[in-house]
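Please keep the sequence and the model at hand while reading.

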Amino acid sequence: METSPRRQPTLDEVAARAGVSRTAASRVINNVPHVSAAKRAAVERAVRELGYVPNPTARALATRRAGSVVLAVSSDEPGLFADPFFAEVTVGVSSFLDQTDLELVLLLANTPRGKERLRRILSSQRADGVMLMAVRGDDPLGRLAEQTDLPVVFGGLPLTGTPRWYVDPDNRGGARLAVEHLVRGGRRSIAMITGQVDLQAAVAREQGFREALVLTGLPHAGIVPGDFTQSGGETAMERLLADRPGLDAVFTANDNMALGALRALRRNGRRVPEDVAVVGFDDLAGALYADPPLTTVHQPVRALGLELARMLVAVVEGQDPSPLVLPTRLTIRESAPLTSG
């Protein structure tokens, strides 16, 4: 009596046995990189137990690359990519990808529709990897990154947790440089305008500001929140002048807010730097053309984008690069010269 041939197990059954997603099982079977060791071991065990044999056609499809990577930014600003900071990051990313066959997809992922679009890209493997920028607080983008088998590289650390791959400037060290410079210039009543409290860069820069003042033995002359915009810096400066009219220096968490602070100081009859010295953070092109030209912490913004893309491509190619912290330095101009005003 003939017996019917034994039915071959399916990929879905392998995934179920291993307790992983179908995508993760496929990536292990087809030896695609950037799958965790635990998932790989579980899938390989399920393959042995079930006697699964991969379909050659399906394997060829699974190992084919999408040919693109995503730069996703979580922001409420529709004109974000026109912002000098993100424009420079994008230029850096593009300059590296020009050396590869990968296309760049820009995605604003602040709205529910944007987040859903990114989720579909991550789940359907329609990109080879993702670069995430400006991840705030408990932003679901961070959780999406944990749930995908695609490589995800962070531009700047998220507020909570430490991802496997990231590129970040030395925010705390840069802020300390700014305060130390002001103290050396004879300033003794130094205030700060911070960025959004749910961004790690803003938190780190405030930490550096506080640490530097503790080391010098000086109290701060006020810490007022801003929002990284010129108008936010202007409003915060007005508040500082009302609360601490005797302050003689202000450090802002980015150049945009420093430009707003300069406007407020001018409107209130304060001379820069004679009455109040101003130091920003970024050293973008606008700092050179401020009135007066802005002393600022230089962070290599274009290099941040380039290294972000370099790291992602390395992961896509199966490597496991180490996180990278880029150095910062001070660019001294007329808004805060070394000598006291």
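Val325 is found in strand β11 (residues 324-326), where helices (H or I, at least four residues) and strands (E, at least two) are DSSP runs numbered from the N terminus. The model is a predicted one, in which local features need pLDDT of at least 70 and side-chain atom pairs count only at pLDDT 80 or more, while totals for chains, interfaces and linings use all residues. Residues are numbered from 1 along each chain as its sequence is written, and side-chain values use heavy atoms, with hydrogens and water left out.

Val325 counts as partly exposed because its relative accessibility is 48%; buried means under 20% relative accessible area, exposed over 50%, and partly exposed in between, with a 1.4 Å probe and protein chains only. Leaving aside neighbours within four places in sequence, Val325 is in contact (heavy atoms within 4.5 Å) with Tyr166, Asp168, Pro169 and Asp170. Although Val325 and Tyr166 are 159 residues apart along the chain, their C-alpha atoms are separated by 8.3 Å.

## Strand β4 and its partners

Tyr166 also stands opposite Phe154, with Tyr166 in β5, and two bridges join β4 to this strand β5 (residues 166-169), the two running parallel. Strands pair if DSSP finds at least two bridges between them, and β4 also pairs in the parallel sense with strand β3 (residues 129-133), over four bridges. Here Met133 stands opposite Gly155 in β4.

In a regular strand the side chains alternate between the two faces of the sheet. Strand β4 (residues 152-155) is covered on both faces, with Val152 and Phe154 buried on one side and Val153 and Gly155 buried on the other.

## The nonpolar cores

A nonpolar core is a set of buried Ala, Val, Leu, Ile, Met, Phe, Trp, Tyr and Cys residues joined through side-chain atoms within 4.5 Å. The largest one has 44 residues, and those with the most contacts inside it are Ile193, Met237, Leu240, Phe251 and Val278. Among the elements that give two or more residues to this core are α8 (171-184), β6 (190-194), β8 (249-252) and α11 (255-267), and α11 supplies the largest share, seven residues. Apart from this core lies another, of 27 residues, among them Phe86, Leu97, Trp165 and Val167.

## The chain as a whole

The protein has 13 helices and twelve strands, and of its 341 residues 51% count as buried. Residues 24 or more positions apart account for 72% of the contacts with a separation of 6 or more.
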